[in-house]
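I opened my notebook to look up a few local features, one by one. Here is what I looked at.

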Amino acid sequence: MNFPGGVFDSDIIVVGGGVAGLSVALGARGKKVTLLSKVPVTPQGAGGSSVWAQGGVAAAVGADDSPALHAEDTLAAGAGLSVPRVVRVLTEEGPERVFELIALGAEFDRADDGGLALGREAAHSKRRVLHASGDATGAEIVRSLMAAVQATPRIGVVGSVEVVDLALDGAPGAGDVRGVVGVSETGERQLYRAPAVVLATGGLGHLYAHTTNPPENTGDGLAIAARAGARLVDLEFVQFHPTALASGIDPMPLLTEALRGEGAVLVDDRGDRFMVAEHELAELAPRDIVARAIWRKKEGGQQVFLDAREAVGESFPQRFPTVFSLCQAQGLDPRRELMPVSPATHFHMGGIATDIRGRTSLGGLWACGEVASTGAHGANRLASNSLLEGLVYGARVALDIDSCGGAAELADCEDSQCAGSAATPGPTLAAEEEDAKIQELRKLMWKEAGLVRSAAGLERANKGLKRLGWWVNSASPRLRNLHTVAQLVSQAASQRLESRGGHFRSDFPFPDPAWKRRLFVALEDGVLQEAPAWPESSPALAATSGEAAR
């Protein structure tokens, strides 16, 4: 295969410039790292959801808190599918990662006594959520990490490169990963080779018509890993944030959960505070419960609003400047007006199956952050654990690569098979036509595989995706990857015959003890097949209801 854009060698290739990817690059001491981003790189970051994160980062740093309590809350939110060992690592190592951020210059909000100001969010039993500038936590964390990365000569950051495939030295599912194939800003194919490749590409939010995620979140890493035969897990579990601003723009502005943590309430268009009757924690119930309660109201023809007038009021610009600015841009003053809200796709608990070190089922390939599924989140992520996971498991991936050295030597993989490269060409689409197909796909997934699913709806989704498949092979990576992840999510949702966490089936509306297990799968000839747990011998990824040995 020709690479007119060049062949580039490194010790480690990191794909993705959010918290997870930046953490890997910084932690891989002494290694030459090339970090690839599909969007232009600035001092403020390199794309993805991390910089958009408002709510904060959870860590047990309070005097009345502990990693054990944080782990209890995380396991409870995970609806029986979180892996205890993985959760314990997350919560025990989290405080150290936060203090490392502070040492790098990250500026978190402080209390009057100079200590860290801690907020509470849904399903947390303690105030343990750190914020920066009220609701700009992700942006501050990324800023501090990016500054450190750009000050490190051994790390090269390359923007505007779209990674389209993994380079393998064997067949999909059997070969080791030896690099990635990218397309430059000028459209030239490039090969980036390394003994160790790390996918930290984020989520798949733009799979759905309503999302809080940035436009670049099109499931790229999950799609290319699936086409390469990597083991996947928990794909059906998609988290829908309850309170996106229903202003008619795409993506939808997020109204951080911290607002409800500080006392903002949900009301319908009759002024009724309906969450009190839905759950004992009312507005601070787990996200899936709040999201479906709002969805039912809206399906019944009512509007739903977030009311922060009393809880926040005149202090809105100081306490939540990001949300205040977003509302002002839509002609809304949240100090005096109700904020119309709707659920929107926010986070994917599923992804590439990894072990406790971030290794995948393919040699030479690691994954971390939202694209990976470590088992920490189970069926429903606890609020503000996502940034923490990127920090903790990004650092763990770097340590593991350092300890094992990756492959023995850099493979000569210019002639390696590129997963998915043998796809049968289809018709070329004009940009406008491709955009129309993408919107068709997103609307289909929102309607048939969104908050509330059923066998009939998922069958309609799968049939619709088959019709769209004819257009995909010669399309842009964006449509190709969205189509791949749409198949993955809808087929996995069809297989899980129960409701649990972020996966709700109207035809199977209750949890089923027989399904208290993680669903491991692999893509074979375009069809999702159930596969053995990976790694088979590791307690870190086995379905479990008890404590696993550390």
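**Rings and charges**

I began with charges over rings. Arg517 sits over the face of Trp515, 4.5 Å from the ring centre. I counted a charge as over a ring if NZ of Lys or CZ of Arg is within 6 Å of the ring centre and within 35 degrees of the ring normal. Arg381 lies over the face of Phe347, and here the value is 4.3 Å from the ring centre.

Two notes on method. This is a predicted model, where local features need pLDDT of at least 70, side-chain atom pairs count only at pLDDT 80 or more, and totals for chains, interfaces and linings use all residues. Residues are numbered from 1 along each chain as its sequence is written, and side-chain values use heavy atoms, with hydrogens and water left out.

Next I looked up ring pairs. Rings of Phe, Tyr and Trp (its six-membered ring) pair if their centres lie within 6.5 Å; planes under 30 degrees apart are stacked, over 60 edge-to-face, and the rest tilted. How many aromatic pairs does this rule give? The count is 6 aromatic pairs. I picked out Tyr208 and Trp446, an edge-to-face pair with 6.5 Å between centres and 80° between planes. Tyr208 is in the loop between strand E11 (196-199) and helix H5 (220-227), and Trp446 is in helix H12 (residues 431-448), so the pair ties together parts 238 residues apart in sequence. Helices (H or I, at least four residues) and strands (E, at least two) are DSSP runs, numbered from the N terminus. Ring pairs link Tyr208, Phe240 and Trp446 into a cluster.

Is Tyr208 buried or exposed? Tyr208 is buried, at a relative accessible area of 0%. My cut-offs: buried is under 20% relative accessible area, exposed over 50%, partly exposed in between (1.4 Å probe, protein chains only).

**Backbone**

I then checked the backbone. Asp250 and Pro251 are joined by a cis peptide bond, with omega about 0°. Pro251 belongs to the loop between strand E13 (238-245) and helix H6 (258-261).

I also looked up positive phi values in residues other than glycine. Ser133 has phi near 50°. Ser133 lies in the loop between strand E6 (129-130) and helix H4 (137-150), and is partly exposed at 47% relative accessibility. Asp234 has phi near 60°. I found Asp234 in the loop between strand E12 (232-233) and E13. Asp234 is buried, with a relative accessible area of 1%.

Ser133 came up again when I turned to Asp109. Asp109 is in the loop between H3 and strand E5 (118-119). Asp109 is partly exposed, at 24% relative accessible area. Leaving aside neighbours within four places in sequence, Asp109 is in contact with residues including His131, Ala132, Ser133 and Gly134. Contact means heavy atoms within 4.5 Å. Asp109 and Gly134 are 25 residues apart in sequence, and their C-alpha atoms are 7.1 Å apart.

**Helix pairs**

Two packed helices are described by the angle between their axes and the distance between the axes. Axes are lines fitted to C-alpha atoms, for helices over the stretch in contact, and angles run from 0 to 180 degrees between N-to-C directions.

I took H2 (residues 67-77) and H3 (residues 84-104). Their axes come within 9 Å and cross at roughly 135°. H2 and H3 are therefore oblique to each other. Angles under 35 degrees are roughly parallel, over 145 roughly antiparallel, 65 to 115 roughly perpendicular, and the rest oblique. Among the residues that meet are Pro67 and His70 in H2, and Pro84 and Val87 in H3.

Then I took H13 (residues 455-469) and H14 (residues 477-495). Their axes come within 10 Å and cross at roughly 155°. H13 and H14 are therefore roughly antiparallel. Leu458 and Ala461 in H13 are among the residues that meet H14, where His483 and Ala486 are included.

Thr484 also lies in H14. Thr484 is buried, with a relative accessible area of 8%. Not counting residues up to four places away in sequence, Thr484 touches Ala223, Arg227 and Leu523.

**Last entry**

Leu36 is buried, at 1% relative accessibility. Beyond its neighbours within four places in sequence, the contacts of Leu36 include Ile13, Val158 and Tyr192.
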